[in-house]
Amino acid sequence: MKIGLCGMTLLWLAPAFGQTTAYVPPRTSDGLPDLEGIWQPRANGAMYSVLPHPGGFFLGAESKTGVVEGGVLPYQPWAAAKVRQLTQHMEFDPTGHCHYEGIPHAMYFSFQIVETPQFIAVLHENMHAWRLIYMDGSHHATDYSAWMGDSRGHWEGNTLVVDVADNNDKSVFDMAGHFHSDALHVVERFTPIDRDTINYQATIDDSKVFTRPWKMGFPLKRAPKDYMFLESGCFEDERDQQHLVKDHSALPAGHYQQ
Amino acid sequence: MMSRRALTFSLLAAIAKAQAPYTPPHTGDGKPDLQGIWETRNAAGFDVAEIAEGREIPYLPEALEREQKANRVDPLAHCAMPGVPRVTYLPFPIQIVQRPGLVVFLYEYLHNQRLVPTDGRPHLEGIDLWMGDSSGHWDGDTLVIDVTDLGDRTWLDSARHTHSVALHVVERYTRTGPETIRYEATIEDPKTYSKPWKIAMPLHRNAQPGFELREQECTEGDNGRAIQPQYRPAPKGDPLEFVREYPGKSGGSK
Amino acid sequence: MGQVSGWRLAGMLLGLAALPAAAHHSFAAEYDQDKPIKLTGTVTKFDVTNPHSWIYIDVKNADGTVVNWGFETASAANLYRRGIRKDTVKPGTVVTIQGYLAKDGTNTGNAQTMTLPDGTQMILGTEQNPG
């Protein structure tokens, strides 16, 4: 959606029209709401499980709430059974094979935003991943299936709204067996609420495995000024898969709900 | 048929045009605009000597010996990062994004990326990075990137041209026309080469409307080990069609 | 000595932060948090790399045989942020590593801390878990 001068004026006035936050971010040199910088998600252990989960040495801190609104994932019965099976076979977890985390999983870790009028680049440390969110009104690619999907975005006031389609069925939401199909469709909303905080929300829609859409959310905090954004490879020296062998690849019982 | 005088005049004019420095458009913060999608059209990915001054790499004898005994499997076979300069001349598109103080290189090849600050900051020390540590600065209309910390595990091409941890690469990116960037790199490594040597090549703009970099991800091999996927299929109107029109330029000498 | 002071401070400070690093695979499936181990041995190799670094030590058994153990640590990137450099711990150094045993029966562990000959402690673990 192209926003002309008239539209830009309306966007400036948007907070007066009942938006929930009064914060107006500064503008980039191109006049866009400035979300640039390095962000550190406070995802509450979502990498282990997006649901509430106990703490443990290899599970991070306890999360009483998880990041899913309502604390429940509305899996269809066959899919809930598959989740349990997957937790017994972590050798199949794609992150262990160094694959892309996909969206929203990739958003639980540090990333950097760079904005131009045509697209917003999200640069991830993990797996040296990157995605371009095209802001030029273009449509999703066709005949395309990707781990990180295909992202097309627009501004709603100061909120960046991103539509992620063309997802493959291989990426996962976390390391607790929570999978999806290739019908996955994600709508993300990045809402700056102060200079150092963006509220991130993702609406997940996948009618092949869930009974209804669901939402997750967590804050993104600006990284400290001296934070070093470093190369983070995986394929080069991955040495863990050899230890995830038959009978030694299950998550401990009771570590995760569902 | 042109007269000899007219021919000479045309030739001199062409040479003059070729040598006159091109003034590129500038970004909002006054820097030459290198942005866009760029592609390599040469065989340096197979053998970097293709684009080396003198088409020769000045190896130290002991380094050549070391290389004969090196691992024979290209690190790219199992999806490792290609390193610098190799990432520049792989047959995959590159997208350059510029913001004040930062140049971002997005490589379609296995989703590699380089974030290059342009404030000439000092290098990190005591770490090996497959893509090295890049410190950039502007020298007139040229982006200069100094790269160290490259470790010793990348190859310069698929011909197994290796290097030591002392590798130091200085890249120079200069717009030479609406559709071209001249890419040069000085490569030095006192444990591998008897002297620094240079490579140079054009990068060509991909101006196809709607062309976008796509995801290129490792695939699983038979034993579950990650392997390099097939090359990106060339889209319609791909620059490779240019080469097919001029068969006399492919193969053969010099 | 001057070499280690930087990382020691960084390690202490890092103990306060609990930000996740890589999502790369589940340690909970690979290692057993109910099987802590503590071994002393001589460093043979410290591969400071990604996604995780690996430190290898020769451990002498009671019967005099020597076995090489591999311990997985945080990524090169995370170690770097703690001030640990690729040559900070040299082969030949005698160290004590505390961590958790791999479930598959190999001589493999997930390192949490490492104590150097002078008694100083390095935090090698991937996560800084409060409990």
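Two strands are taken to pair if DSSP finds at least two bridges between them. By that criterion, strand β1 (residues 36-39) of chain B pairs with β2(B), the two running antiparallel and being joined by 3 bridges.

One bridge to look for in the viewer is that of B:Val97, whose partner in β3(B) is B:Val104. β2(B) and β3(B) together make a hairpin with 2 residues between them. In the turn of this hairpin, B:Gly101 has a positive phi of about 80 degrees. Strand β2 (residues 94-99) of chain B is largely enclosed by the rest of the structure, because 5 of its 6 residues are buried.

These strands belong to an open sheet of 9 strands in chain B, in which the pairing is antiparallel and the order is β4-β3-β2-β1-β9-β8-β7-β6-β5. The edges of the sheet are β4 (113-117) and β5 (133-139) of chain B, each of which pairs on one side only. On average, and with direction ignored, neighbouring strands of the sheet are turned by 25 degrees against each other. Elsewhere in the sheet, strand β7 (residues 168-177) and strand β8 (residues 180-188) of chain B form an antiparallel pair over 9 bridges. Here B:Arg172 finds its bridge partner in β8(B), namely B:Glu184.

Attention now turns to the nonpolar interior. In soluble globular proteins, nonpolar side chains tend to be buried together. The largest nonpolar core in this model has 140 residues, and A:Ala121 and A:Ile133 touch the most other members. Strand β3 (residues 119-124) of chain A provides the largest share of this core, with 5 residues. Neighbours within four places in sequence aside, A:Ala121 is in contact with A:Val114, A:Trp130 and A:Leu132, and also with B:Val97, B:Val104 and B:Leu106 of chain B.

Chain C has 3 helices and 6 strands. Read from the N terminus, its elements follow the pattern α-α-β-β-β-α-β-β-β. Of its 131 residues, 46% count as buried. Among contacts in chain C with a separation of 6 or more, 59% involve residues 24 or more positions apart.

Chain C also touches chain A, in a contact that takes 33 residues from chain C and 40 residues from chain A. On the chain C side, α2 (27-30), β1 (31-47), α3 (76-81) and β4 (94-102) each supply at least two residues. The element giving the most to that side is α2(C), with 4 residues. Sorted by class, the side of chain C that touches chain A has 16 nonpolar, 11 polar and 6 charged residues.

Chain A has a mean pLDDT of 90, and 91% of its residues reach 70 or more. Residues 6-19 of chain A, however, stay under 50, and the model has 9 contacts beyond four places in sequence for this stretch. Where pLDDT is low, the predicted coordinates should not be read in detail.

Technical notes: Residues are numbered from 1 along each chain as its sequence is written. Chains are lettered from A and ligands numbered from 1 in the order in which they are written. Two residues are in contact if their C-beta atoms, placed from the backbone, lie within 7 Å. Ala, Val, Leu, Ile, Met, Phe, Trp, Tyr, Cys and Pro count as nonpolar, Asp, Glu, Lys and Arg as charged, and the others, Gly among them, as polar. Axes are lines fitted to C-alpha atoms, for helices over the stretch in contact, and angles run from 0 to 180 degrees between N-to-C directions. pLDDT is the predictor's confidence in each residue, from 0 to 100. A residue is buried if 20 or more other C-beta atoms lie within 10 Å of its own, exposed if 12 or fewer, and partly exposed in between; C-beta atoms are placed from the backbone. A nonpolar core is a set of buried Ala, Val, Leu, Ile, Met, Phe, Trp, Tyr and Cys residues joined through C-beta atoms within 7 Å.
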